[in-house]
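Here is a walk through one protein chain, from its overall make-up down to a few side-chain pairings. Have the viewer open while you read.

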Amino acid sequence: MHKLNSNFFLTTDMLLKTHRLNQITMNIKTLLAAMLIPIIGFSQQDFATTVKTDSLKKSKVFQLGEVLVTTEKDGAVQNRISSATMESLNKTDVAQALNMLGGISTTVSGARNESMVSVRGFDLRQVPVFMDGIPVYVPYDGYVDLARFTTFDLAAIDVAKGFSSVLYGANSLGGAINLISRKPVDKFEIDGSLGMININGYRGALNAGSNFGKFFIQGGYSYLHRDSYIMSSNFVPTARENGKTRDNSYRTDQKVNVKIGYTPNQNHEYVIGYINQMGKKGVPVYCGTDSLNSLLAKPRYWQWPAWNKETVYFLSRTNFGDGKHAIKTKFYYDAFKNRLNSFDDSTYTTQSKPYAFSSFYNDYTLGGNIEYGTTILPKNELKIAVNYKQDIHRENNLNEKVRHYSDGTFIVGIEDIYHPIKQLAIMPGFSFSMRKNMKAENYNSSEDSVYNFQTAAVSYAYNGQLGIFYSPKDNHKLGLTYAHKTRFATIKDRYSYRMGTALPNPTLKPESSENVELSYTGRFFNKVTFQPAFFFSYLTDVMINVSNVQPGKAQMQNAGKAYFTGVEAQLNYDVYKKILQIGANYTYLYRHNISNPKLYFTDIPAHKVFAFIQYEPVEQVKIITSVEYNSARYSTSYGTQSRGFALVNLAVSSKIWKYIGLDAGVNNMLDKNYSLTEGYPEEGRNFYVTLRVFAHK
């Protein structure tokens, strides 16, 4: 039940177990018939650029859920994707949306049908995912399937690369991703969508909110279903895939999101939130030609009947001392339950063979954060935060005893923004983190019994960073940042036997990276924005699978060294009065495995380009043509490749009445047969049509 993945950081199978939540009892078809389409606004929105916080006050971004590092009182250094952009281009899940940004590449765990991203070469274990600043990654292995996170109820997505706020907490080795929810700004707001994807998929969403000054409520429900995806007509049939519709590629995802806030005055805000995600999916069978891939001879027949998350949280803000002091709190409970079924064959009906099983996860994270901020020191914005979370992992196969694991992580961090002069911002940050394993149980299959692993020592890590940002004149900014970041070993890193091929290693130390970035942002003639950046990361104590520690047994050890380096460049040009705009971003990434140069890094192209042309002939119509190019990438450390590809997409948004809009588009217009992982072809030409309705007062 593991996936072979020859990435430098993960060379063996991932184990993901699931347990089914009770299904929502509402009649989906009846609800969808009443749905309307979500839109935050019909305004222009740049792709993936630095944003200004003053513009956020007029938007529906839930500001209490932000984790911002600012270089001046009105500017932020994160990359942001707005809901308007995601909606206009039909980016229905977070992985699709993030792929528009420079420095980010979509990666796919083909054998598990999981969508993930890489940020400048770092995977999701090293770039954790948050929801309104609350961690939502899986406790067992640190990953999360971003395809399960739909975008219909989001206001924005923020990405920090390399240099990220120490207030995020532990494990942000290569940055952080924060999904930010909505907050209503009017007394009555409602928007929704109902759409069709090809002829065998549909989407629907409903968001409603009210803001009465001292009190607000925001709620939403979304549903996304695909029977399967259609393959390119250029796909050559194989023994296990005849083309046309991809076998076992179905998905269903639904989400409920409710948030209630109370703001008695400008100095106080209290928010309670609840999120319930319920998903299920199939896993298409490997249909490649790599003779060294074990899945060629021994295919997997997997399905996830449940991939479910449930989150409850409380956030607060209290200002005092004439607004010079503030205390923010976050307390949360995030549960993850799922079930994985492995079947005998492609009928997906029987489980009699040795490799067939049903596996369950029942995990949760319980944590809190208290942050104090002050501007009492002249020219300084100082923040101090204390963070603690406990990760609980419980797993078992059907008819086996449950194994329990528990980790506690404590973090204290301090961050400052110092403005010696108006044009200069100096941003130091430091944090100390500690992780203690409180429980880890081993399993004896012959006796069906559990017993404790050896006690693991407490792990410590120190993180420090410094950013210097200088604006020689208006609309021009230079930045130089350095960050020493770390990542603790996951429960899987330390305790997994990897289906009998490895030995546990509870003594793993944190891996670390030195991240350096030189960046420039300039705006010329009030029309052209240019943002180049050079980055370099040097990684040490990287956790890799060392072979033959004992005969035929590997072990995860801190034996890896590597460096990543590259260039990002983004250009946006307002050609004519916002009627015609063009933009593009380019990423070059080179990764060198110092420890073992003969092993290739996998899943990420060396070159990636995303470009668009946006034409708005009248206020009611917006036409966007986008092109994406990815160079070839390695799928295995021994050299199997997925070829490079270029995709052309077309999207049209129209406002056909005061409260009604219509979106339509075609993705992969040229019907390219391509893959992100060898043996797992992606979707061919596909279309969508979405009706949107929105109203506010």
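## The chain as a whole

Residues 24 or more positions apart make up 67% of the chain's contacts with a separation of 6 or more. Keep in mind that this is a predicted model. The chain has six helices and 37 strands.

Of its 697 residues, 60% count as buried.

Side chains of opposite charge can pair when their charged atoms come close. In this structure there are 31 salt bridges. Take Arg120 and Glu517, whose closest N and O atoms are 2.5 Å apart in a salt bridge. That pair ties together distant parts of the chain: Glu517 belongs to strand β25 (residues 511–524), while Arg120 is in the loop between β5 (114–119) and β6 (129–131), 397 residues apart. Glu517 and Arg120 are both buried.

Arg120 also makes a salt bridge with Glu568, this time with the closest N and O atoms 2.6 Å apart. Here again distant parts of the chain are linked, with Arg120 in the β5–β6 loop and Glu568 in strand β27 (residues 553–576), 448 residues apart. Glu568 is buried, as is Arg120.

What do the side chains of Asp93 and Arg251 meet in? They meet in a salt bridge, at 3.5 Å from N to O. It's another link between distant parts of the chain: Asp93 sits in the loop between α3 (83–88) and α4 (94–98), and Arg251 in strand β13, 158 residues apart. Both Asp93 and Arg251 are buried.

Strand β13 covers residues 251–265, and Thr263 lies in it. Is Thr263 buried or exposed? Its relative accessible area is 15%, so Thr263 is buried. Leaving out residues up to four places away in sequence, Thr263 touches Gly213, Lys214, His268, Glu269 and Arg317.

Over in strand β26 (residues 528–550) you'll find Ile544. With a relative accessible area of 15%, under the 20% cut-off, Ile544 is buried too. Ile544 and Ala554 are 10 residues apart in sequence, and their C-alpha atoms are 9.7 Å apart in space.

## Aromatic rings

A pair of aromatic rings is described by the distance of the centres and the angle of the planes. Searching the whole structure turns up 27 aromatic pairs. One of them is Phe343 with Tyr348, an edge-to-face pair with 5.9 Å from centre to centre and 80° between the planes. Phe343 and Tyr348 are both buried. Elsewhere, ring pairs join Tyr140, Phe149, Trp307, Phe336 and Tyr361 into a cluster.

Charged side chains also turn up over ring faces. Lys259 lies over the face of Phe62, at 4.9 Å from the ring centre. Arg591 lies over the face of Phe564, at 6.0 Å from the ring centre.

## A nonpolar patch on the surface

Now for the outside. Met196, Ile199, Ile656, Trp657, Leu662, Phe687, Val689 and Leu691 form a nonpolar patch on the surface, and together they have about 760 Å² of accessible area. The elements that contribute two or more residues to the patch are β33 (645–657) and β37 (686–696). Which element gives the most to the nonpolar patch? That's β37, with three residues.

Ile656 is found in strand β33. Why does Ile656 count as exposed? Its relative accessibility is 53%, and the cut-off for exposed is over 50%.

Terms used. Residues are numbered from 1 along each chain as its sequence is written. This is a predicted model: local features need pLDDT of at least 70, side-chain atom pairs count only at pLDDT 80 or more; totals for chains, interfaces and linings use all residues. Side-chain values use heavy atoms; hydrogens and water are left out. Rings of Phe, Tyr and Trp (its six-membered ring) pair if their centres lie within 6.5 Å; planes under 30 degrees apart count as stacked, over 60 as edge-to-face and the rest as tilted. Buried means under 20% relative accessible area, exposed over 50%, partly exposed in between (1.4 Å probe, protein chains only). A charge sits over a ring if NZ of Lys or CZ of Arg is within 6 Å of the ring centre and within 35 degrees of the ring normal. Patches are made of residues with over 30% relative accessible area and no salt bridge: like charges are joined within 9 Å, nonpolar side chains (Val, Leu, Ile, Met, Phe, Trp, Tyr) within 5 Å. Accessible areas come from the Shrake-Rupley method with a 1.4 Å probe; for residues, only the protein chains shown count as cover. A salt bridge is a side-chain nitrogen of Lys or Arg within 4 Å of a carboxyl oxygen of Asp or Glu. Helices (H or I, at least four residues) and strands (E, at least two) are DSSP runs, numbered from the N terminus. Contact means heavy atoms within 4.5 Å.
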